[in-house]
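Here are my notes for your first pass through this model. Keep the structure open and check each point as you go.

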Amino acid sequence: MPPFTLRALLSFLPRRAFSTMATLTPTSVASAVTTKPRLRGVVFDMDGTLTVPVIDFPAMYRAVLGEEEYVRIKLENPSGIDVLHQIEKWSPDKQRRAYEIIAEFEKHGSDRLQIMPGASELCKFLDSRNIRRGLITRNVKDSVVLFHNRFGMTFSPALSREFRPYKPDPAPLLHICSNWGVQPDEVMMIGDSLKDDVACGKRAGAFTCLLDETDQCSSPEYHNMGLEPDYRVSSLVEVHSLLETNFDLTP
C-alpha cells in the first residue's frame, strides 16, 4: 500500500480505535477500520427519555425561584436552569419549601406518567443481547419505584437524586460502571438533556446519545456549550439500529 494511502486511512480513524495500537501495518489498519467498540451497558435518563415529558419545568422553576429571580437566572443561563444547584445555596427552611414545591410538580407528573414510544422494545433488544440497563435521574426515588412498577421494567442500578452528586457530575455514571465491573468507554449514556445527560456521559468517558425530539442542538443557546453528543436520535425507535451499526454487541 503506498504511504500516502496509509496516511489517508489513518486520518479517518477515530481516536478510540487506535489509541492503544503499537506498530501500524496495512493489515492492522484494515482491522482497526472494521473493529467496532464493544458495548456492555446502556444508562438511561428517565424524565423525557424513558417517559414522555409531563412536568412543566419553567412553571416549576418560577414557583421555586420567584418570577424575578427566574428571569435573572434564565438570562445568565439561556441553555437551562439547574434549579437543584440553586437550592443548595439556600437556608434549610428555604430549601425545605423549595423541595415541597418540586415534589408537588413531580407528583402531578407521576399521575400522568407515560412510557416513551420505543422504550419497551429497546429494553427487550438490550436484554436479548445481555447488555445491562441502568438509570440516572434527578427525580426522587419514589418516582423511580413508580416507573418500575407501572411499566414492569427494571433498571439496575437506578440512581435518583438522593444519590449525590447528581448529573451533570459524572459520579453517578461512574458508580454504575463500577457496580457493573465495566469501563466507561463500554457504556452509552442516553438522555434528552445536553447540559445534564450528555455532559455527565462525556465527563465520565462514556459514549453519549442525545434524544433530541425538538432539535435542540440547532438552537443558538446551545451552540457555545461545547457539548456535542456522539450520536443523536429523534426517537428511541432509532437506537436499536444505531447500536447494531456502530457497536460490537456480543456478550
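1. Begin with a charge over a ring. Arginine 133 lies over the face of phenylalanine 155, 4.8 Å from the ring centre. Please remember that you are looking at a predicted model.

2. Now place arginine 133 in its strand. Strand β2 covers residues 132-136. Which residue is the bridge partner of arginine 133? The partner is valine 42. Strand β1 (residues 41-44) and β2 run parallel, and four bridges join them.

3. Is strand β2 largely enclosed or open? Count its buried residues: four of the five are buried, so the rest of the structure largely encloses β2. Here a residue is called buried when its relative accessible area is under 20%.

4. Turn to the next strand along the chain from β2. Strand β3 takes in residues 158-159. Two bridges join β3 to β2, and these two strands run parallel as well. One of the bridge pairs is leucine 135 with alanine 158 of β3. To get from β2 to β3, the chain passes through helix α9 (residues 141-151). This β-α-β crossover is right-handed.

5. Go back to phenylalanine 155, this time for its ring. The model has five aromatic pairs by the distance rule. In one of them, the ring centres of phenylalanine 44 and phenylalanine 155 are 5.7 Å apart. Their planes meet at 75°. Planes over 60 degrees apart count as edge-to-face, so this pair is edge-to-face.

6. Ring pairs link Phe44, Phe147, Phe151 and Phe155 into a cluster.

7. Look next at another charge over a ring. The charged end of lysine 94 sits over the ring of tryptophan 90, at 4.3 Å from its centre. Lysine 94 is part of helix α7 (residues 92-111).

8. Is lysine 94 buried, partly exposed or exposed? Its relative accessible area is 46%. Exposed would need over 50%, and buried under 20%, so lysine 94 is partly exposed.

9. One last distance to check. Lysine 94 and valine 64 are 30 residues apart along the chain. Their C-alpha atoms are separated by 9.6 Å.

Conventions:
Residues numbered from 1 in each chain as written. Predicted model: local features only at pLDDT ≥ 70, side-chain atom pairs only at ≥ 80, totals over all residues. Heavy atoms only, no water. Buried < 20%, exposed > 50% of the residue type's maximum accessible area, 1.4 Å probe, protein only. Pairing = 2+ DSSP bridges. Right-handed = clockwise from strand over helix to strand, strands pointing away. Phe/Tyr/Trp six-rings, centres within 6.5 Å; stacked < 30°, edge-to-face > 60°. Lys NZ or Arg CZ within 6 Å of the ring centre and 35° of its normal.
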